[in-house]
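Subject: Structure for your review

Dear colleague,

Please find below the structure that I am handing over to you. My notes on what was found in it follow directly after.

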Amino acid sequence: MNTKKSRAYLILTILALLAMPACRGLDPAGVYGGDKILYDADLAIATSYDTIHQFVLWEFNNREALSSIPEIKKYADTVRRNAPQWFSSAITVRDAYKLAPTSENQAALAKAVATIRAALVEITRYYVRAGPALGPIKTP
Amino acid sequence: MTPAVILALADLALGMLEKLAPAIANLAKNGDVTPEEQEALDARVAALRPGGTAFGGPEWEAPPE
């Protein structure tokens, strides 16, 4: 797949993640016990990690080609410094919600997931800004 | 719009469809998320807990502020 397709696919994937609440119901015999809020939060956390990891890896592997847009490295470094805390916080409130599914814990969980998703919006902007002229996206 | 541009756009659209097909198929699945699928997701989140290796690669090394 060429560079333009790769980047378009990444951007579409991110947009799909941002728009996505999972549509399917849950088998109540599963580990989520039918708790769709918890399942959707975990799905958002896991898929967001994949996208964020892909972004820092892309910046790492294409640093020289991306040097003409220093804001990309600056934001990637911001992500590197903060992402572990974002995910740690999200998982902490996720665990609190699992133990006590109150409206307060649900709101805290939604806020933590929104923080991570805000990073995805920024990442999409940098992919668009990088444009198709740069080298191929090197992914694992 | 020249024929070359139209062909390039068509090529791009086909490429995206090819890649998105599995995701679209997943969204279109009928029935509940199975216990196995739920367990797999739970394991993915567990791997992101502090102390895991999710943030350990060289691509995660940030310079000091």
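In chain B, buried residues account for 9% of the 65 residues. The chain has two helices and zero strands. Please bear in mind throughout that this is a predicted model. The average pLDDT of chain B is 74, and 54% of its residues score at least 70.

Not counting residues up to four places away in sequence, Ala54(B) touches Tyr49(A) in the partner chain, together with Ala47(B) and Leu48(B). Glu59(B) is likewise partly exposed, because 18 other C-beta atoms lie within 10 Å. With neighbours within four places in sequence left aside, the contacts of Glu59(B) are Val56(A), Leu57(A) and Phe60(A).

Chain A contains four helices and zero strands, and its elements follow the order α-α-α-α from the N terminus on. Buried residues make up 31% of the 140 residues in this chain. Of the contacts in chain A with a separation of 6 or more, 71% are between residues 24 or more positions apart.

As to confidence, chain A has a mean pLDDT of 86, with 78% of its residues at 70 or more. Within chain A, helix α1 (residues 3-19) has the lowest confidence, at a mean of 60, whereas α3(A) has the highest, at 96. For the complex, the predictor gives an ipTM of 0.77 and a pTM of 0.75.

In soluble globular proteins, nonpolar side chains tend to be buried together. The largest nonpolar core here has 35 residues, and those with the most contacts inside it are Ile45(A), Ile52(A), Phe55(A), Phe87(A), Ala90(A) and Val113(A). At least two residues of this core are supplied by each of α2 (36-61), α3 (70-99) and α4 (103-130) of chain A, and by α2 (35-46) of chain B. The largest share, 10 residues, comes from α2(A).

Which residues are in contact with Ile45(A), leaving aside its neighbours within four places in sequence? In chain A they are Phe87(A), Ala90(A), Ile91(A), Val113(A) and Ile116(A), and in chain B they are Val45(B) and Leu48(B).

Helix α3(A) has 30 residues and reaches 43 Å from its first C-alpha to its last, close to the 44 Å expected at 1.5 Å a residue. An α-helix has 3.6 residues a turn, so residues three or four places apart point the same way.

Helix α4(A) has 28 residues, and the distance from its first C-alpha to its last is 41 Å, close to the 40 Å expected at 1.5 Å a residue. Its buried residues are Leu109(A), Ala112(A), Val113(A), Ile116(A), Leu120(A), Ile123(A), Thr124(A), Tyr127(A) and Ala130(A). Just after α4(A), Gly131(A) adopts a positive phi of about 70°.

Is Leu120(A) buried or exposed? Leu120(A), which lies in helix α4 of chain A, is buried because 20 other C-beta atoms are found within 10 Å, and 20 or more is the cut-off for that class. The C-alpha atoms of Leu120(A) and Gln106(A), which are 14 residues apart along the chain, are separated by 21 Å.

Yours sincerely

Definitions and conventions:
Residues numbered from 1 in each chain as written. Chains lettered and ligands numbered in written order. Predicted model: local features only at pLDDT ≥ 70, side-chain atom pairs only at ≥ 80, totals over all residues. Core = buried A, V, L, I, M, F, W, Y, C linked by C-beta atoms within 7 Å. Buried ≥ 20, exposed ≤ 12 C-beta atoms within 10 Å, placed from the backbone. Contact = placed C-beta atoms within 7 Å. Expected span 1.5 Å × (residues − 1). pLDDT = per-residue confidence, 0-100.
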